[in-house]
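Visitor: I am new to this structure and would like a close look at a single part of it. Could you take me through the salt bridges, and what surrounds them?

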Amino acid sequence: MDIESYIHEAIFEEKDKYTYLYELIWQNFTEDGFVITDEQGHEIDSVLKATAIQNLIGEFVYRMYDEVNETGFEDVIEYLANLGIGVDEIIKYCEDEPEIDVDEDDEELTVKNALDYCTEIVADKMLELFSADDIFDYMFCATYDFEQDFTFAFEDVDEFQAFVDSNTERLDQYKEEYPSVLNWIEGGMIV
């Protein structure tokens, strides 16, 4: 299985509700050259970045609905183990990246530091490619349970984006209700 398919199946399709949000972000990252998934040796980087997106959405859900953000370094280790990549290779990746704080006595802390670093750069890239308002709108529409208003299942990313675009007034009202969440996004989505 190629890494792109694996990321979509293992990470992005884990929660059906968020699939089109993941795809929207990943497509923009790919077009911008931020993720490279079709070349050998980029598996660790790609999985870390995909998990960082998952982590940021989890943090949004935590801030909006007070639900636990369960994404962590254990997920990275599991996702990569499924690809046949062991902890030693992950640590080597971390050692080769000067921005990742490597703890020679604690492999778990090193992997956590790698995820934290990737989460920060992914948040920065998201804010480079999307406005804070758009990020709020996309994350809100992907995570909110609209059943009280209507039931809606998206067919693809375009339909998801069209839904967001056609509900800007309602989404602006939600932003007014949750200013701290919008402030978190504008502040860089530091988790």
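Guide: Let us begin with a term we will need: a residue is buried when its relative accessible area is under 20%, exposed when that value is over 50%, and partly exposed in between. Please also keep in mind that this is a predicted model.

With that in hand, look at Asp 32. Its relative accessible area is 36%, so Asp 32 is partly exposed. Its partner in a salt bridge is Lys 125, and the closest N and O atoms of the two are 2.5 Å apart. Asp 32 belongs to helix H2 (residues 19-32), while Lys 125 sits in helix H6 (residues 107-129), so this contact ties together parts that are 93 residues apart in sequence. Lys 125 has a relative accessibility of 11%, and therefore counts as buried.

Now move along to Asp 137, which forms a salt bridge with Lys 175; here the closest N and O atoms are 2.9 Å apart. Asp 137 is part of helix H7 (residues 132-143) and Lys 175 is part of helix H9 (residues 168-177), so the pair links parts that are 38 residues apart in sequence. Asp 137 is buried, at 5% relative accessibility, and Lys 175 is buried too, at 8%.

Lys 175 has another salt bridge to show you, with Asp 172, where the closest N and O atoms are 3.0 Å apart. This one stays within helix H9: Asp 172 and Lys 175 both lie there, three residues apart, about one turn of the helix. Asp 172 has a relative accessible area of 39%, which means that Asp 172 is partly exposed.

Shared partners also turn up elsewhere: salt bridges join Asp 32, Lys 125 and Glu 128 into one network. The pairs we visited are among the eight salt bridges found in a search of the whole structure.

Before you go, a word on the cysteines. The structure holds zero disulfides. Take Cys 94: the nearest cysteine sulfur, that of Cys 118, is 8.3 Å away, and a disulfide needs the two sulfur atoms within 2.5 Å, so Cys 94 is in no disulfide. Cys 94 is buried, with a relative accessible area of 0%. Another cysteine, Cys 141, is buried as well, at 3% relative accessibility.

Methods
Residues are numbered from 1 along each chain as its sequence is written. This is a predicted model: local features need pLDDT of at least 70, side-chain atom pairs count only at pLDDT 80 or more; totals for chains, interfaces and linings use all residues. Side-chain values use heavy atoms; hydrogens and water are left out. Buried means under 20% relative accessible area, exposed over 50%, partly exposed in between (1.4 Å probe, protein chains only). A salt bridge is a side-chain nitrogen of Lys or Arg within 4 Å of a carboxyl oxygen of Asp or Glu. Helices (H or I, at least four residues) and strands (E, at least two) are DSSP runs, numbered from the N terminus.
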